[in-house]
Amino acid sequence: MDFKSEWKKLLLIAAVFLAFFYLPVGKPRFDSAVMESLQLVRWYAREHVLLCLVPAFFIAGAISVFVSQASVMKYLGAKANKVLAYGVASVSGSVLAVCSCTVLPLFAGIYRMGAGLGPATAFLYSGPAINVLAIILTARILGVELGIARAVGAVAFSIIIGLLMHLIYRKEEAAKAASQAAMPEPVAARPLWKNGLYFASMVGILVFANWARSGDMRAIFLCCPGGLSTYAVEGRIVQKTEQTVTVVDTKGNTHTLPAALLQGTENLQKNNANESIYKFRWAIVLALLAVFVYMVGRWFNRAELTEWVGATWGFAKQILPLLLFGVFIAGFLLGRPGADHEGVIPATWINKAVGGNSLRANLLASVAGAFMYFATLTEVPIVQGLMGSGMGKGPALALLLAGPALSLPSMLVIRSVMGTGKTVVYVTLVVIMATITGMIFGAWF
Amino acid sequence: MKKLQILGTGCPKCKKLAENTDAAAKALGIEYDMVKVTDINEIMKFGVMMTPALAVDGQVKVVGKVPSPEEIKKMLA
């Protein structure tokens, strides 16, 4: 045996063995954490994969195939109008960067060969946060407010950060001579309105298939051991006994909670339009689907459709395993939302660290988010778990804004592109901005 | 002897492009040397900002998409 080459394997086997040897099976906290993670994965699989993620993958696939990326990049080239470049850079992430691995080359390209440091950093910041899949999943799981706040916050602050970077380094920028980049050639296959209708019907299917019933009351519960914060469930109370309260929320999930935690209920106005759309949602979806199939059959040729399905399958293959694994880990560590659903990490710790909306909680969330690496979309179940354990809405947004945009590995790549000084300035700006946005959001909602 | 360079930071699409290029070159029966360029600064030197990309003998042929082996054959011929 060659000990020199084999010792790593030996070490690994020993580590795995020790982990199993001391596996805390039977300890209540460990056992319930395993149960929580299984429950959470099942909930994602049942409630989010078929109606939400599958249509979202088709939309993302269509964007990557049918939206001409070259025509967007035109606005970020060396000769581009500078004011326009900031605007385009801050929103184009939704079209260009469905896969996080394309953000960094594009950033380097805009910096070196295109519109310069300002638009490049604007793109770098907003890109990962406003890709379609991230927005859809955030809005669906964490609530519409957070989804919109994430997209709007990312766009607004990317422009501010880009402008600040440009101002700080304006002398250097003026001296730099940009070279022209090689671009893919734009292909125009069909008029814009046809593409527009095609996308609109897909988005329509996604929206109506997930149409939620409006709740008629909101129940407010104390959250977490220590009762440091509260959370609300919107829906209908189906059962109320001395010990427990059972609420069916607007997404159809049943929450059974100890009656002692119930702080109060308030009635909500029933929205009639909302209710009737809910009643007819399947008819609407079917009609849209029929229109969609007709359009696909008439306007698209075979090669395009194969490419579209291929891209969709590519996203599904790349993202689903990572996401479900991320959900599993988040469930194990943090449990499901609600009291009595704790994971391995006690909710009191999280409540103490990032509960409420203090400056410290927001700063901690954004610094942690900036250094941590999130695989595509896994930031959503992690933030869900943290919020369920008592994280405030402000720190949650701070984490969502600083998290996917930055990680230790991406910092190293960014550093190799623009040097240590600029990277430190950029990271600092992101952390400060995320903290401030988190505080403003937390104070509002 | 053709020099084929696959430009990309290592995402699934880059691997797919490498596979397709390999298949195309084998089908043509040409002698070739395929290199993966993963360093972002090296990629920038080609003037490419959308990965994956394919360069044949230093000339960038495809940017930002994965063509089929059939299409790549035409670029290699």
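1. Helices α1(B) and α3(B) lie oblique to each other (angles under 35 degrees count as roughly parallel, over 145 as roughly antiparallel, 65 to 115 as roughly perpendicular and the rest as oblique). This is a predicted model, in which local features need pLDDT of at least 70 and side-chain atom pairs count only at pLDDT 80 or more, while totals for chains, interfaces and linings use all residues. Residues are numbered from 1 along each chain as its sequence is written, with chains lettered from A and ligands numbered from 1 in the order in which they are written.

2. In chain B, helix α1 covers residues 12-28 and helix α3 covers residues 69-76; their axes are 8 Å apart and the packing angle is about 60°. Axes are lines fitted to C-alpha atoms, for helices over the stretch in contact, with angles from 0 to 180 degrees between N-to-C directions. Helices (H or I, at least four residues) and strands (E, at least two) are DSSP runs, numbered from the N terminus.

3. From α1(B), the residues B:N20, B:T21, B:A23, B:A24, B:A25, B:A27 and B:L28 form the contact with B:P69, B:I72, B:K73 and B:L76 of α3(B) (C-beta atoms, placed from the backbone, within 7 Å). By class, eight of these residues are nonpolar, two polar and one charged. The crossing of α1(B) and α3(B) is right-handed.

4. In chain A, helix α4 (residues 82-91) and helix α7 (residues 117-126) have axes that come within 7 Å and cross at roughly 20°. That angle makes α4(A) roughly parallel to α7(A). The crossing of α4(A) and α7(A) is right-handed.

5. Which residues link α4(A) to α7(A)? On α4(A) they are A:A85, A:Y86, A:A89 and A:S90, and on α7(A) they are A:G118, A:P119, A:A122, A:F123 and A:S126. The contact of α4(A) with α7(A) comprises six nonpolar, three polar and no charged residues.

6. A:A232 belongs to strand β2 of chain A, residues 229-240. Leaving aside residues up to four places away in sequence, A:A232 touches A:R218, A:A219 and A:I220. A:A232 counts as partly exposed because it has 15 C-beta neighbours inside 10 Å (20 or more would be buried, 12 or fewer exposed). A:P409 is 177 residues from A:A232 along the chain, and their C-alpha atoms are separated by 37 Å.

7. On confidence, chain B has a mean pLDDT of 84, and 100% of its residues reach 70 or more (pLDDT is the predictor's confidence in each residue, from 0 to 100). For the complex, the predictor gives an ipTM of 0.70 and a pTM of 0.75.

Technical notes. Two residues are in contact if their C-beta atoms, placed from the backbone, lie within 7 Å. A crossing is left-handed if the near helix is turned anticlockwise from the far one by less than a right angle, and right-handed if clockwise. Ala, Val, Leu, Ile, Met, Phe, Trp, Tyr, Cys and Pro count as nonpolar, Asp, Glu, Lys and Arg as charged, and the others, Gly among them, as polar.
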